[in-house]
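Visitor: I am new to this structure and would like a close look at one part of it. Could you take me slowly through how its strands pair, and then through what lies around them?

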Amino acid sequence: MKRGRFAPTPSGDMHLGNAKIALLSWLQMRAAGGTFVLRIEDIDTQRSKPAITERILADLRWLGLDWDEGPGASEASGPYLQSERTELYEEALAKLDAAGRLYPCFCSRAELLAVAGAPHGLSSEGAPYPGTCRALSPEEQQRRAQHKDPSLRFAIGPEEIRFVDGIAGPQVFPPGSGGDFVVRRADHMYSYQLAVTVDDALMGITDVLRGDDLLDSTPRQLHLYTALDLTPPKFAHAPLILGEDGRRLAKRHGDLGLPALRAAGTKPETVIGWLAYISGLIERPEAVKANELIPSFRMDRISREPFVLSEAMIQKLMSDTATA
């Protein structure tokens, strides 16, 4: 049986871009008769807030997007809060370390920024790490550890990474793309790359649908799947919603959080219909319930182009008018 998931970070209220990914991942599972899992990625405990988690749950229910496993539902593959799964990440690190795939990195932020002018590898992480600390001798590692707590980096292999994305199509990443990456920070916080790989594998996730800002994270995760002898899911990356400035939706584009839309009196059917329209699932924006989209949903109908959200569209949506 197919298993998909939506995994929001509770550091801010859900906005329209988050809601689009939630809807598409939910439809993918519901149309396939699969299991939909809700996982809260609150591993960054300094930024994550329990109150925001509760608002996310309320927003999903308001949109009509239920979940089979997760907070308030079945706990068959739990826990579903990353903050409660740290022992699993430590076990993964121990396995990687035993395989000789980890090394301490003592590079400062200033040293890393110094290579920012180099040709970039994976855009989400800036310039690729040049491998400065990879060849340090054990004696040099001990000497530096007396003055600075290191992060842990994963030494990627020489393999080329190829996969077929469910939306973006065939993908090829050359050997060494992005360089060795951090799996645990100097403050002992586990990285997104490690946590999401371990969680998806242990929760039996077969299909991951997420925003295309994470497309270039996929080769790093596939390297981890191989090193940990885990089975990777199939990936699909949906285009983002952009502001008129061509940048991904953020607070600078105004309050596009679902709580603000709810407060303005916008109906959930309006939001669902608008999201379905910009995703290519229906021909025009019209009020529709999420479950009404299930019978006609197909992955090949999802638009591959980002949608630019204008101020006029925002005002239409805020006034509960399904016109785009």
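Guide: What follows begins with the paired strands and then turns to a pair of helices and a loop. This is a predicted model, in which local features need pLDDT of at least 70 and side-chain atom pairs count only at pLDDT 80 or more, while totals for chains, interfaces and linings use all residues. Residues are numbered from 1 along each chain as its sequence is written, and side-chain values use heavy atoms, with hydrogens and water left out.

Helices (H or I, at least four residues) and strands (E, at least two) are DSSP runs, numbered from the N terminus, and two strands pair if DSSP finds at least two bridges between them. Strand 4 (residues 151-154) is joined to strand 3 (residues 102-105) by four bridges, and these two strands run antiparallel; here Y103 has R153 of strand 4 as its bridge partner. Three bridges also join strand 4 to strand 7 (residues 181-184), again in an antiparallel arrangement, with F181 of strand 7 as the bridge partner of F154. In a regular strand the side chains alternate between the two faces of the sheet. In strand 4, S151 and R153 point one way and L152 and F154 the other way, and all are buried, where buried means under 20% relative accessible area, exposed over 50% and partly exposed in between (1.4 Å probe, protein chains only).

Another pairing is parallel: five bridges join strand 8 (residues 207-211) to strand 9, and L209 stands opposite A236 in strand 9. Because four of the five residues of strand 9 (residues 234-238) are buried, this strand is largely enclosed by the rest of the structure.

Turning to the helices, the axes of helix 6 (residues 192-202) and helix 7 (residues 218-227) come within 10 Å and cross at roughly 55°. The two helices are therefore oblique to each other, a word for angles that are not under 35 degrees (roughly parallel), over 145 (roughly antiparallel) or 65 to 115 (roughly perpendicular). Contact means heavy atoms within 4.5 Å, and the residues that make it include Y192 and L194 of helix 6 and L224 and Y225 of helix 7.

At 1% relative accessibility S279 counts as buried, and among the residues it touches are K20, L24 and R301. D300 lies in the loop between helix 9 and strand 11 too, but at 60% relative accessibility D300 counts as exposed.

How values were computed
Axes fitted to C-alpha atoms, helices over the stretch in contact; angles between N-to-C directions. Lists of a residue's contacts leave out its neighbours within four places in sequence.
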